[in-house]
Every structure is written in structure tokens, then in C-alpha cells.
Amino acid sequence: MPSHPEPFARAISSGVEHYLDTVGVTGSNPVSPIFPPSVLAIPSVITSAAKELGASGDLTVVVGLGRSGLGAAKLLHQLGHAVLLLESNSSQELETKAQDLRASGIAVQLAAPLTPATFSGLPQQPKTVVVSPGIPWDHPTLCALRQDGIAVRGELAAAWDSSQQVPWIGITGTNGKTTVTHLVSHLLRCAGIDAPMGGNVGHSAAELVLERLQPGGVLPAWMVVELSSYQIEAAPELAPQIGIWTTLTPDHLERHGTLANYRAIKRSLLERSTVRILNGDDPDLRAHGQTWDHALWVTAGQRDGLPSGLRAFLWIEDNQVMHQGPDGPAALMAADALAMPGAHNRQNMLLAAAAGLQAGLSGSQMEAGLRQFSGVPHRLERICDHQGVAYVNDSKATNYDAAEVALKALDGPLVVLAGGASKQGDASGWIRGLIHQSKAVVLYGAAQAELAGLLADGGYPGQVTRCEGLAEAVPEAAGLATALGCKAVLLSPACASFDQYSDFEARGEHFRQLALSLSGPR
């Protein structure tokens, strides 16, 4: 802190009030001496841009300068809101982003922690605060804001509000949701339907809507949106035309507390969906099947394999995807149309096909689209072959259950790369899969000691090696694969990526570079 805080407080008060007065938000509340003017940095270009907008006079604060926060801030600004974006971190990269936003008319405050003091330091309290998914919905500051009568909304709210005329297909689940999201968007687009995907994968929903609201832009026929529990929790207004629930196993319990809470959040999305599509092969969904008043159930098994009371909408029989139509069972398409390995991907295919039927696609259209589907980046993605060993990127496997699925999908023996930031969950199924499928496990990152203990306690008989990061782990795995006669090196971390990477995509891209470099320069 400066040695004389009062002049800084006056400078902040002047700077913030000047911006807020310009966009029509007036107030004279005292400003606490929180940040120096260089942190606030509201240039004059902001005031002129805000004047040109003719903002309404109500301030909206967006918290978080990540992908979703950035998209929400830009969309709200496009819609005429006076926007102030707060980011708790500060770096040169963030400052560059902030300068671009300021030049477009959005105020940005870096190094602004999510505390009551940050908000009390504003000359006038905001009408709405929009938060990114990474911020806990029960954060004490958010609770305090609600008590003060300030609306707290998730980043999806702006996208939902501004695309009401577009039906959404909302896809959630512990595992499988990314693949199903890709499949649904792909099937619709192959049939000539404008159906971009976003949300928890690719572009944020706000970025998708913003792009279509630009001059000359046209809103799509469908929005295909992957939704995490964090996003659903913060968007109770979201009510898709079609809701898809892929799987449910314990995940994110460090945030949601209990499996029951986690399940209730996921379920709330489906309850608000007009059409509900559920995976009848998932044990947890099956166990609660009788609690739904209406739903479309799919199974990759026989029609009569579902519990009593659950009627199959799609199932597989004699290598055909069968459909329960108005005139009885009918063949829809070939069950081998999707080339992706694993029984779980048949479930994903059926969930996507059920959505396609609801959107008006025919079986022949979907079969043609499925045969053109090349797979999902970072999900059992075959990167290359080196000295007879395949290198497979499954960076999307951020928990034990997803990593166990990957082990079942590939032919062994394998060398498995695992590690990162550990999550709560039951590792027993994953360890059984490793015992059956792998001859060696190379551990890396923050969780390596914890995972090594789990493997030892679980009786894993193979070789276990520990490395600092993937840069050391990939060459180590390559040597082990050759020495042990393994068919593949599989990156399937069973952990989050945030100890060393910004997200699982960055982790997967690093693995891709390292795997390709084994063969030398290209």
C-alpha cells in the first residue's frame, strides 16, 4: 500500500465516478483506499465509448477475465450495458487483454479480489454481478451481495437472455458430455442445419451469441451447449428445448459437498428441459429412473435390458439402432456407423441420435454424419505412432471414472500417464483397469505422490515411475513402452490440469507436441 492512502482514495473516487457518471451511473458513496490508480486505469476512451453507447444507467460488474467472463462482458456491452470487469489476478498478459477491452468501451480493474471491500470501493453499487463458472456459487462475497439486493447471475445468463428465440440443446453429465456435444452439433451441421456448439467446450455461449449479433450476423437454428454443474448451478433460468444427461458419478465434491447436491444440480437442468434424454446404461440414472414423470431413455443394449418401468426410445438389436416409433419398433441406422472405440461411445452415439430425431433428422442423415465424424480432440485422440507404439491423448479424462472408461476402450498392454491436480472420488475401478490393461504407470504433477500411494494400496503390480511434468514423463513412457512391449502410451490423467496448465486442452496440446517430437523435427 502507498504510505499516504488518502490521495490514492481520492484519485480512485474521481476515476471511477468519472467513468460511472459518463455511462449514466451516478453516486457519491465514499470510496475505500483499495487500489492505486494504475490498477484501475480507466482511460478517457472508455468514457467516450460509453457516451456513444447511450448506456442505461445501471452498472453490471463481470467477475473474471477468463474465456467465459470475457465473452459475457463483451456481449453485455454489445447489448448496451455499462460494464466493469473485475479480475483478481494481474499480469502482463491480463493487462494486454484489459487494454483491448478498455479501447472498446469496457472498464477493467485488475488485481481486484472478490471481497466486499472491492465492491464498497465503487461510488455506486452495481445492479447485477455476473460471475464466471470457476467462482463458487456460495462464495461469501456473492452471498453478501445477494443480501444487499444485488442480482448475482452466471455467465450463461446473458447468452440465454439474448437468444430466447433460438432453441437450446443442453448437454450435461459427469463424463461423455463433450463427445455428445460434438456429435449433436456435427449431425445437425451435416444435415445443413446451423447449430454451433459452445458453453463448457470451445467458445463460451456468450461468445457464440455475440458473434451472431454482429452486423450481418444471423442467429443459428439451434444452440448446442455443453453445461457443467458449475454453469447449471448459476443459471436457474436456463430451460433448453432438449436436455441430455450422459452419466453421473462422484465429481466436483470439493465444491458441491455431496453426491446428492451434485446430482440435484445436474437434474435441475433436465427438469427444466422440454424434452429429456437420459442414458439408461448409467447405473445412477437407472437407479433414479422411476422418479421421472417423462423422459426418453436410450440403451446400447437390448430393449428389455432396462429396469421395469423404463421404456427404451433407442436401443441396439442385430447391429441396428432401433427406434420406438408411433407404429412400433423400427430400424433407424447401422449401429457401427460411429468408428470411435468403446461401449461408452455407443451410448454417446444413441444420446446424440435421440436429439437428432427430436430436431427432425432422419436415420439416413445421421448415419451419413456419423460415418464422417473424426472424433473429439483430447478424448481418446490418436496422435501418432512411433516405433510401433500408438500415442493417445485422453487429456479430457479429469477424474477416475473417465480414465477407467479410456482403459476399457483400448487394447492393451499400455503405458499410462496420470497426474495433475487430484480430485475426490473412488479410484478402485481405475486401479482395477490399470492392473488389467497396463504394464507401467508414469505419474507426474502435484498428485504424483497421492496416486503412487493409491496404486500401492490397490496392489498394482506394474512398474510405477514418477516425473516432474509431461516433458519428462512422455520420453520416460516411450522408453517403457518399447522395453515392455506395449501397444500404446495413453495420456489419461484422472486428475484436473490446473497444477501445471490453464485447462485440459492446454495439457493435451502439450502432450501432442511431445509425442510428435519423439520422431524428430517435422
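Where in the chain is Pro 413 placed? Pro 413 sits in the loop between helix 17 (400–409) and strand 17 (414–419). This is a predicted model. The chain has 522 residues, and 57% of them count as buried. Its secondary structure comes to 21 helices and 20 strands.

**The chain as a whole**

- The accessible surface comes to about 20700 Å². Carbon and sulfur atoms supply 51% of that surface.

- Most residues other than glycine have a negative phi, and most peptide bonds are trans.
- The peptide bond from Gly 412 to Pro 413 is cis, with omega near 0 degrees.
- Asp 318 is not a glycine, yet it has a positive phi of about 50 degrees.
- Asn 319 is not a glycine either, and its phi is positive at about 60 degrees.
- Asp 318 lies in the loop between strand 12 (312–317) and strand 13 (320–325). Asn 319 lies in the loop between strand 12 and strand 13 too.
- Is Asp 318 buried or exposed? Its relative accessible area is 71%, so Asp 318 is exposed.
- Asn 319 has a relative accessible area of 36%, so it is partly exposed.

**Leu 314 in strand 12**

- Leu 314 belongs to strand 12.
- Its relative accessibility is 0%, so Leu 314 counts as buried.
- Which residues does Leu 314 touch, leaving out those up to four places away in sequence? Among them are Trp 297, Val 298 and Thr 299. The list also includes Val 321, Met 322 and His 323. Leu 332, Leu 350, Ala 353, Ala 354 and Leu 357 are touched as well.
- Leu 314 and Ala 300 are 14 residues apart in sequence. In space they are 8.2 Å apart, C-alpha to C-alpha.

**Helix 17 and its cover**

- Helix 17 is mostly covered, with seven of its ten residues buried.
- Those buried residues are Tyr 400, Ala 402, Ala 403, Glu 404, Ala 406, Leu 407 and Ala 409.
- What covers them? The cover includes helix 15 (343–358), helix 18 (428–437) and helix 19 (448–457). Strand 17 and strand 20 (488–491) are also part of the cover.

**Helix 9 against helix 16**

- Two packed helices are described by the angle between their axes and the distance between the axes.
- Helix 9 (residues 177–190) and helix 16 (residues 363–371) pack at an angle of about 115 degrees. Their axes are 9 Å apart.
- The crossing of helix 9 past helix 16 is right-handed.
- Helix 9 brings Leu 183, His 186, Leu 187 and Cys 190 to the contact. From helix 16, they meet Met 366, Gly 369 and Leu 370.
- The residues of this contact divide into five nonpolar, two polar and no charged.

**His 77 in helix 4**

- His 77 is found in helix 4 (residues 67–78).
- Its relative accessibility is 12%, below the 20% cut-off, so His 77 counts as buried.
- Which backbone oxygen lies 2.8 Å from a polar atom of the side chain of His 77? It is the backbone oxygen of Ser 104.

Conventions:
Residues are numbered from 1 along each chain as its sequence is written. This is a predicted model: local features need pLDDT of at least 70, side-chain atom pairs count only at pLDDT 80 or more; totals for chains, interfaces and linings use all residues. Side-chain values use heavy atoms; hydrogens and water are left out. Axes are lines fitted to C-alpha atoms, for helices over the stretch in contact, and angles run from 0 to 180 degrees between N-to-C directions. Helices (H or I, at least four residues) and strands (E, at least two) are DSSP runs, numbered from the N terminus. A crossing is left-handed if the near helix is turned anticlockwise from the far one by less than a right angle, and right-handed if clockwise. Contact means heavy atoms within 4.5 Å. Ala, Val, Leu, Ile, Met, Phe, Trp, Tyr, Cys and Pro count as nonpolar, Asp, Glu, Lys and Arg as charged, and the others, Gly among them, as polar. Buried means under 20% relative accessible area, exposed over 50%, partly exposed in between (1.4 Å probe, protein chains only). Accessible areas come from the Shrake-Rupley method with a 1.4 Å probe; for residues, only the protein chains shown count as cover. A polar contact is a pair of N or O atoms within 3.5 Å; within protein, one must be able to donate a hydrogen and the other to accept it, and residues adjacent in sequence count only if both atoms are side-chain atoms.
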